[in-house]
Amino acid sequence: MSDNREKPLIFISVRGLVEFVLRSGDIDNRFPPGDGDAMQKGSRVHRKLQDEAGTSYRAEVKLQYVWHDLMYDLVLDGRADGIITEKNDVRYVLSLPDGSSQDPAPDSETVTIDEIKGTYRDLKKMARPLDVHLSQAKCYAFMYAEQEDLPFIRIRMTYCHLDSEEVRYFHEEYTRKEIREWFSSVMDEYRRWALFRTEWLRIRDSSIEKLEFPFKYRPGQKELVSCVWRTIRSRKRLFLEAPTGTGKTVSVLYPSIRALALKEAERIFYLTAKTVTASVAGDTLGVLRERGMRVKSVVLTAREKVCFEDPSGCNPEKCKYAEGHYDRVNDAIYDLLTSEDDLSRETILKAAQKHRVCPFELSLDLSLFSDLVICDYNYVFDPHVRLRRFFSEGQKTDSIFLVDEAHNLVDRGREMYSASLSESFFRGFLASMKSGPVSIKRGIEACISGLKTIAGETGRDGFAVLTSLDPFISHVDILSMRISEYLEKNRPGRTSSKRGKKQDPEQTQKQYERRRRILEHYFVISHFLMINDILDDKYVIYCERTEPGGRMRTGAQSRAYDERASSGSGGVPSPTDGNDISVNLLCADPSVNLRNCLELARSSVLFSATMLPIQYYKSLLGGTGEDYEVYARSVFKREQCGYFIGQDVTSRYSMRTQRQYEAMASYIYAATCVKKGNYIVFCPSHAFLSEVLTSFNAIYGDVSGADIIVQKQGMTEEEREEFLGSFTEERERTLIAFSVMGGIFSEGIDLRGSRLIGAVIIGTGIPMVTRKSELLRAYFDGAGKQGYDYAYRFPGMNKVLQAAGRVIRTTEDRGIVLLLDNRFLERQYVRLFPREWEGWIRTDSGSIADDVTDFWD
């Protein structure tokens with residue numbers, strides 16, 4: 001490298017540096033979820049300590065320091081919990097390592113870095129701070145001492161018990177020379193990785209600078225690429241409706257990758273809802289690599305899908321890959337980084353076997369050195385699964401979020417930020433604790449009692465919207481604290497007596513099993529408490545009495561319950577006598593929670609082929625008036641697909657008769673007998689499918705000459721592959737596949753060419769009327785929006801659009817889409833049709849055969 005060449009910048013957080021360089025030993029899930037989780041629960045205590053600290057205390061101080069190496073500049077940033085600056089009114093002596101002492105000048109200041117940790121540990125038994133915690137504080141101490149040119153600096157480790165709020169302090173003090181020498185040793189440990197990153201950035205950027213768009217631009221595609229680029233440059237968000245065939249995956253990836261070389265971004269997260277869309281991203285990267293691109297990409301796969309052993313036994317006693325993992329994992333990382341660019345699931349599994357490390361944890365570590373991370377939505381949006389390596393500080397990063405099939409994020413967001421606890425959950429917990437601690441049992445019983453108190457607010461229908469969860473939530477909070485204390489005091493492998501005698505293996509195994517059961521319930525309780533802490537006006541809180549299995553109580557059941565309760569005869573049924581009680585925190589509008597996550601990136605592109613109406617998705621996915629929105633032009637010609645609407649049939653529940661089923665069977669036969677090929681029939685439910693299929697076989701089974709296959713409930717992976725394998729291009733007879741709309745075959749499958757030439761879509765796809773959907777309807781009505789549209793019509797129409805999108809996949813495809821429900825003719829539905837549907841034809845059972853014939857001719 002020449003002397004005048006600008007050195008590359010390498011960015012890393014204080015936490016990321018410390019946890020990467022200074023770790024060692026085993027993976028062990030037998031311990032409590034960790035002080036990080038405790039910190040989240042104890043955020044109020046954290047703020048309380050800061051607020052009570054006085055005027056000399058500055059809280060949440062953002063720090064940044066640049067470490068200069070001959071080959072690179074490393075930018076280290078983080079946030080100190082507190083910095084205490086005090087005048088030396090009372091003189092003290094600073095002890096030095098050589099035994100001498102130094103008196104600070106009377107008018108000088110003493111600076112102390114405060115690092116706060118919430119914990120359930122027994123503070124009296126803590127001999128010293130944990131190394132990883134102290135090392136974080138020492139990094140902040142070095143950064144601040146350098147920034148302010150301090151001759152010495154102090155550190156205060158503050159541990160606060162999250163139950164009693166008892167506080168214990170540990171104090172350290174360092175001269176400028178001492179703290180710099182310590183930090184230099186950390187930098188020496190990290191230098192191998194920094195040098196690798198430096199050389200890699202040079203290779204990567206050089207290849208990207210030469211990279212051209214890999215295909216001939218389709219109509220409108222160049223403009224689409226430009227829109228994405230402008231979004232990244234302006235640090236905005238883009239909501240993109242990109243119909244099938246626009247090449248949306250490469251259109252968002254290419255400008256994002258170019259942004260890496262131009263230093264507009266440090267890393268790309270390609271976020272997906274399903275494995276199939278992740279594989280499309282991987283295939284696109286493969287195409288770009290064939291044209292010379294050098295980018296390191298990693299695929300994050302769920303732990304349970306890659307674990308070599310039992311995922312619940314992730315500890316050195318149960319898994320050889322967990323034992324000593326941190327002692328070997330850095331060698332595995334370096335091996336992969338210096339030999340592979342495509343860090344796929346298969347590649348990671350092979351390396352994990354070779355180095356005897358956990359493949360899941362290996363993949364997470366590889367993400368630190370990857371330019372592009374392909375992963376599920378959870379790793380950015382889920383408050384529990386979110387990647388701590390990048391987002392733990394809650395600060396904006398120089399990342400780009402590419403959110404594929406973003407229409408799925410609405411329901412996923414609701415799911416991530418909703419929570420529920422029920423009496424059956426607590427009684428199951430209690431049953432598993434027969435030999436468990438009395439304090440936890442009593443805590444569970446108190447929660448059950450609190451649930452029953454809340455259940456008294458429900459009416460005849462067994463339902464009530466709540467404004468308060470007291471006293472139930474207090475009982476849950478206390479139970480959580482008791483569980484945490486138990487887990488901390490009863491760590492596996494601890495001695496069973498004062499003499500230090502180890503437990504026998506059988507006793508240890510029982511302890512592990514009890515601990516595992518407690519942890520399973522603890523995670524559910526912790527999630528509920530976390531969601532309770534962030535409740536706002538976007539939530540609906542309600543209590544529900546249901547039958548076993550989750551069915552809502554009928555009016556008759558509720559009246560019987562109320563009559564027995566008011567009779568005073570002693571026969572009042574507990575909700576466990578055939579009923580269950582649940583308290584639910586429903587995130588009706590996930591926009592705020594999702595927006596907070598999106599703001600962690602410098603820029604985001606949320607895209608889908610079915611994001612209409614775009615304002616609906618924009619509002620629920622956290623969009624603002626400043627964000628961009630684009631409706632990309634379809635590259636398909638209008639004559640490629642014929643769209644037909646049957647005007648004399650409906651799937652309305654109140655009009656479902658044998659005559660309707662037979663009429664729909666007639667449509668299916670007429671539409672599929674004109675041209676031999678492969679067709680899919682999408683039905684509203686499995687029950688509806690059965691009725692239509694029975695009618696079709698009874699009337700047309702002998703004359704259709706078609707092969708029939710049917711989607712079953714709970715299909716295995718092999719059965720799914722066999723189902724899709726039936727769609728071959730060369731068949732002797734027509735294939736008619738009966739499936740369920742919104743199911744596994746209505747989204748994400750890619751049957752190109754003559755593998756699929758038609759889809760029959762029965763019904764408007766609206767969700768079933770449930771307690772949840774009615775609550776959503778009422779919520780959005782109350783928010784001044786069209787509640788029925790938000791709860792039923794828009795989600796239903798998305799299913800229809802997804803199903804219809806299976807037919808035309810390339811510019812060479814031709815096919816038909818037949819919509820069987822006269823509600824599609826209503827203005828409220830017609831306005832939701834995409835532009836590609838212009839020219840749709842109204843038809844009936846007597847005309848459909850001729851209309852389809854005209855299309856094919």
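**Close-up views of rings, charges and one buried glutamine**

Across the whole structure, a search finds 45 aromatic pairs, meaning rings of Phe, Tyr and Trp (its six-membered ring) with centres within 6.5 Å. This is a predicted model, where local features need pLDDT of at least 70, side-chain atom pairs count only at pLDDT 80 or more, and totals for chains, interfaces and linings use all residues. Residues are numbered from 1 along each chain as its sequence is written, and side-chain values use heavy atoms, with hydrogens and water left out.

View A. Phe425 is buried at 16% relative accessibility, and Phe426 is buried at 0% (buried means under 20% relative accessible area, exposed over 50%, partly exposed in between; 1.4 Å probe, protein chains only).

**View B. Here is one aromatic cluster.** Its members are Phe20, Tyr190, Trp193, Phe196, Tyr334 and Phe369.

**View C. Two charges sit over rings.** Lys296 places its charged end 4.2 Å from the ring centre of Trp200, while Arg291 lies 5.8 Å from that of Phe215. The cut-offs are NZ of Lys or CZ of Arg within 6 Å of the ring centre and within 35 degrees of the ring normal.

**View D. Gln640 is a buried loop residue.** Its relative accessibility is 6%. The Gln640 side chain comes to 3.2 Å from the backbone oxygen of Thr810.

Note on methods: Rings of Phe, Tyr and Trp (its six-membered ring) pair if their centres lie within 6.5 Å; planes under 30 degrees apart count as stacked, over 60 as edge-to-face and the rest as tilted. Helices (H or I, at least four residues) and strands (E, at least two) are DSSP runs, numbered from the N terminus. A polar contact is a pair of N or O atoms within 3.5 Å; within protein, one must be able to donate a hydrogen and the other to accept it, and residues adjacent in sequence count only if both atoms are side-chain atoms.
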